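The following report describes the overall architecture of a two-chain complex. The sequence and structure are shown first.

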Amino acid sequence: MAYDKFTVLKSTAVPLPIENVDTDQIIPARFLKATKREGFGDNLFRDWRYNNDDSPKKDFVLNNSIYKGKILVGGRNFGCGSSREHAAWAIYDYGFRCVVSSFFADIFKNNSMNIGILPVQVSDTFLDKIFKAIESDPATELEVDLQQQSITLLATGEKESFQINGYKKHNLMNGFDDIDYLQDMKGEIETFAEESRY
Amino acid sequence: MSSKPTSLFDKVWDSHVVRSISDGPDVLLIDRHFIHEVTSPVAFLGLKNRGLNVMFPHRTFATADHNTPTINQHLPVADPLSANQLKALEENTASYGISHWGLGNPKNGIVHVVGPENGITLPGMTIVCGDSHTSTHGAFGCIAFGIGTSEVEMVLSSQCIMQPRPMTMRINVNGSLQKGVTPKDVILYIISKLTAAGATGYFVEYAGSVFEQMSMEGRMTVCNMSIEMGARGGMIAPDETTFNYIKGREKAPQGKAWDEALAYWKTLKSDAGASFDKEYHYNGADIEPMITYGTNPGMGVGISQSIPTATEVGGGKASFDKALSYMGFNEKDAMLGKPVDYVFIGSCTNGRIEDFRAFASIVKGRKKADHVTAWIVPGSHQVEKQIREEGIYDILTEAGFQLRQPGCSACLAMNDDKIPAGKYAVSTSNRNFEGRQGPGARTLLASPLVAAAAAVTGKVTDPRTLI
């Protein structure tokens, strides 16, 4: 599925300073019954966001209009748990294009990059600075520059670099995905598979 | 041989690399691909949108499990959304020529139960599925891990997946396990030591006498929960126990092919002197029956212990407090005697015949506690058949339990098997996340023995007192 190219993203951010945010919180299993990839954003963080009677929980950050933007900032070990790509779809569908944390679970990280969300891993110290900056001024902006592999707190100019492999970086900057790449090497795969044991 | 000592992981990984991309992932050939109704429909939709075909349909196997009812499976599925997903799997597999064990098929069951049960899972394979507990198949010396739906589409269309090579970790548990300590306790113990993120970025090999002496079903339970400490997967070197388990299963090699396969499988172990990026050592005798008190699988303690304090655990206090508040527990509370409303035995973690034998060994001659609701859910029709044949069904019935039909059930509560808000469930499944077993449900992960002890006493009870 094609996604928007990712180059530079300048945006305010939504803070979620909770550790071990698992994919069951991001999108509970009972919302995985669709056969199309549509509308998952409505149920993003469903049980943290809404009461049982579907009324919004006032103290949850997505229900507080002073916090908005295309960047979600989460606590350590973000996206742990199930392999459901629906978690990444829900985040994308809600309008986020980048998730910042000091540590990501593997499968979530892969799933995000496969659909055009950039996971930015920063140090615990920098993550703390981001949370504090947003707390003191919700209008504070972050700039994520994929080419430079840097994230900047624009209010203070504090900057940190982040890691991403060259292949994925190229894909995200150009809107390519792995399926395109693999289709281009099918001959090679065919030959390899013929000689494989199973 | 002068070559460098190699780990089991490296042997299997290296033999599947089609291409290595510099400053990028490896392109890995996948031997077996399992699919189910929940994470595959959008992948098939993607194929259609791009006009792609399934490259090797015979390498993919489908079963319906996540979203199936566990009673009255002979009736049409009542929930229209669930029925629609099951229909989509049936249609998609039919149109691409993929094997499908749908609802009602005698081979139907949880994907990670039926794969090994039918000899589809064999040592040295690469195996993926759109489900994080695919790590289960690592028990056979496979590189097996969970993938997202975009990756399901990749495997369908090219039989390959693109993965950065993970780091390697070896976890050694030596010594002997105490009475009443099961494979589930071993893995819950390891996760409690390493935390829910302690193995992220790594592929784990489990080694040592505790695993060597373990049955295949026990090894599957251990490898199954590798993901709960963040590991990409976990594996155990195949040995005689493995070969004996596989021999004679429907899709296992036979005759000359068996001999050839066996010769290869015997090479699948880490060489002496093989290096790992990280290594841990534990003593099996230190492990007691385990139970979790919080909202991730790393928050576990020995059943005779108390809930630790945030300071003892380390990490963020706010997140720890949030977890305990959700559970309705306090620091320093004893786990023994905590009230239990529900008991669930089943899932890809503990839904195999040995798990039901263990459960029955405790409930035999006792009665289910009146206030406890128990869901007894076999991992497959084959397991259900064994439960009946071995007389476990009669033991359960006499003790006041009802046997349900196979599926993932209350492990993820996609179907109607949901624990009500605020209720406590002792569960043999793999995740105690907030709301995992139903909105507001409070999960205590444990072994089938601990689940049985809770079911007959109505509270958290040390199974060693009932053995």
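## Charge, fold and packing

In chain A the mean positions of the 23 positive and 30 negative charges are 3 Å apart, with Lys and Arg counted as positive, Asp and Glu as negative, and His and the chain ends not counted. The place of each charge is NZ of Lys, CZ of Arg, CG of Asp or CD of Glu. Chain B carries 43 positive and 46 negative side chains, whose centres lie 1 Å apart.

This is a predicted model, in which local features need pLDDT of at least 70 and side-chain atom pairs count only at pLDDT 80 or more, whereas totals for chains, interfaces and linings use all residues. Side-chain values use heavy atoms, without hydrogens and water. The predictor assigns the complex an ipTM of 0.96 and a pTM of 0.97. For chain B the mean pLDDT (confidence per residue, from 0 to 100) is 97, and 100% of the residues reach 70 or more.

Chain A contains 8 helices and 7 strands, taken as DSSP runs (H or I, at least four residues; E, at least two). Chain B contains 17 helices and 18 strands.

| Chain | Residues | Buried | C-alpha extent along principal axes |
|---|---|---|---|
| Chain A | 198 residues | 58% | roughly 60 × 45 × 25 Å |
| Chain B | 467 residues | 67% | about 55 × 55 × 45 Å |

Here buried means under 20% relative accessible area (1.4 Å probe, protein chains only).

Among contacts (heavy atoms within 4.5 Å) in chain B between residues at least 6 apart in sequence, 75% join residues at least 24 apart.

Methods. Residues numbered from 1 in each chain as written. Chains lettered and ligands numbered in written order. Buried < 20%, exposed > 50% of the residue type's maximum accessible area, 1.4 Å probe, protein only. pLDDT = per-residue confidence, 0-100.
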